[in-house]
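Dear colleague,

Please find below the structure that I am handing over to you.

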Amino acid sequence: MKILLTGGSGDLGQTLVPRLLVSGHVPVILDIREPTDLPGGAIFVQGSVLDRRGLSAFFLGIDCIVHIAGWHGIHESNGEKNAHDFFDLNVRGTFEVFEAATSLGIDKIVHISTTSVHRPNTLYARSKILGERIAEDYAIEKSMNVVILRPRGFIPYWNKAVYTRFSEWAQWFWRGAVHIDDVASAVMQSIDLLSRQQLDLVPVLTLDSAYEYTDDDLKNWDANGAGSTFRKYYADFYDLAISYGLDPTAKPNRLDIVEAVRWLGYKPTYSLANILSELAAHGDRGPPRT
Ligand SMILES: NC(=O)c1ccc[n+]([C@@H]2O[C@H](COP(=O)([O-])OP(=O)(O)OC[C@H]3O[C@@H](n4cnc5c(N)ncnc54)[C@H](O)[C@@H]3O)[C@@H](O)[C@H]2O)c1
């Protein structure tokens with residue numbers, strides 16, 4: 001299929017492009033900025049999702065859209081974007097994408113939302129809630145096939161503009177995040193689902209990382225003393241974790257991914273064990289980007 005990625009020059013888009021190529025799709029990146037990498041077989045179109053006239057040309061011949069373009073939490077916390085910016089890109093941008101898609105008969109869209117919709121005390125969260133409403137409205141009123149993905153934070157360690165050291169990224173991930181590769185897998189599974197069947201409702205799917213800890217571990221957290229649950233799985237890494245500022249006593253807040261498993265067969269692979277072994281092997285340089 002010819003698959004258009006709005007905001008495809010960003011982290012998620014760049015992670016998806018090679019996967020789409022390997023799966024035999026033609027990725028089309030629509031972004032206001034050029035991608036750092038454009039592998040053979042991928043197409044780049046410079047343009048904005050806010051360009052109402054342009055969208056009908058950009059979307060010509062497209063089978064499926066992954067709607068990624070959006071300002072996120074970091075653009076709010078660093079004061080880079082204001083309420084108008086969030087409304088323009090995350091709300092109106094979403095409307096423009098769905099409206100142009102439906103008018104051209106494109107009926108398959110993977111909409112990238114966020115778990116932040118559960119904490120509507122930010123401009124970001126509120127704009128994403130409205131984005132989801134638009135996506136659901138088009139699915140129902142225009143019979144579009146839409147999958148809404150709600151990943152936790154997935155900024156990759158290789159985004160040096162945000163995390164200069166691997167341990168800085170690891171400390172952030174430790175508080176609850178999902179690896180960008182797992183998010184990309186869920187997008188690929190969503191595309192596969194949309195290519196196989198018509199949807200009569202809109203799956204809204206939370207994406208979290210993998211965990212070694214069981215339900216029982218989380219229920220009886222550190223019942224045998226501070227750090228005891230951590231030691232059950234990662235005893236050899238206790239000192240390493242402390243030396244890189246990771247708190248072995250911190251109880252993870254695991255999210256319910258049962259719907260993503262049911263709809264997509266989602267199976268996250270990246271867990272705290274991966275972070276610890278990558279820190280042990282590569283230190284603050286982090287692993288090479290695959
Ligand atoms: N990064 C996270 O931790 C995280 C977590 C949950 C959800 N999300 C969601 O993922 C999406 C962001 O993905 P990312 O992490 O790859 O972000 P990113 O910032 O790396 O990429 C976003 C891209 O959108 C492009 N863009 C901006 N304005 C545009 C416009 N008008 N038209 C077309 N493209 C435009 C930017 O140039 C950029 O390349 C957002 O929808 C966000 O809500 C992100």
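**Overall fold**

The chain contains twelve helices and seven strands. Its radius of gyration is 20 Å, close to the 19 Å that the globule rule gives for 290 residues, so the chain is as compact as a globular protein of that length. Along the principal axes, the C-alpha atoms fill a box of roughly 60 × 40 × 35 Å. Please bear in mind that this is a predicted model.

**The ligand and its surroundings**

The ligand is surrounded by 28 residues, and the closest of these are Asp-31, Ile-68, Tyr-124, Lys-128 and Phe-154. Val-49 takes part through its backbone: one of its polar backbone atoms is 3.0 Å from a nitrogen atom of the ligand. Taken alone, the ligand exposes 840 Å², and the protein buries 94% of that area.

As to where the shell comes from, α1 (11-22), β2 (26-31) and α5 (123-141) each supply at least two of its residues. By class, the shell around the ligand is made up of 13 nonpolar, ten polar and five charged residues.

**The second largest pocket**

The second largest pocket holds about 230 Å³ of space. It is lined by 14 residues, and those closest to its centre are Arg-19, Trp-158, Asp-181, Arg-289 and Thr-290. Helix α1 gives the most to this lining, with four residues; α1 is also one of the elements that supply at least two residues of the shell around the ligand. The lining of the second largest pocket divides into six nonpolar, four polar and four charged residues.

**The cavity**

How many cavities of 30 Å³ or more does a search of the whole structure find? The search finds one. About 80 Å³ of space lies in the largest cavity. Its lining consists of 13 residues, with Phe-173, Trp-174, Gly-176, Tyr-211 and Leu-272 nearest the centre. Seven of the lining residues of the largest cavity are nonpolar, four are polar and two are charged.

Yours sincerely

Conventions
Residues are numbered from 1 along each chain as its sequence is written. This is a predicted model: local features need pLDDT of at least 70, side-chain atom pairs count only at pLDDT 80 or more; totals for chains, interfaces and linings use all residues. Side-chain values use heavy atoms; hydrogens and water are left out. A residue is near a molecule or strand if one of its heavy atoms lies within 4 Å of it. A polar contact is a pair of N or O atoms within 3.5 Å; within protein, one must be able to donate a hydrogen and the other to accept it, and residues adjacent in sequence count only if both atoms are side-chain atoms. Accessible areas come from the Shrake-Rupley method with a 1.4 Å probe; for residues, only the protein chains shown count as cover. Ala, Val, Leu, Ile, Met, Phe, Trp, Tyr, Cys and Pro count as nonpolar, Asp, Glu, Lys and Arg as charged, and the others, Gly among them, as polar. On a 1 Å grid over the protein atoms alone, a cavity is a set of points where a 1.4 Å probe fits but cannot get out, and a pocket is an open set with protein on both sides within 12 Å along at least five of seven lines; lining residues have an atom within 4 Å of a point. Grid points are joined across faces, edges and corners, and a volume is the space filled by probe spheres set on the points. The radius of gyration is taken over C-alpha atoms; the globule rule is 2.2 Å times the number of residues to the power 0.38.
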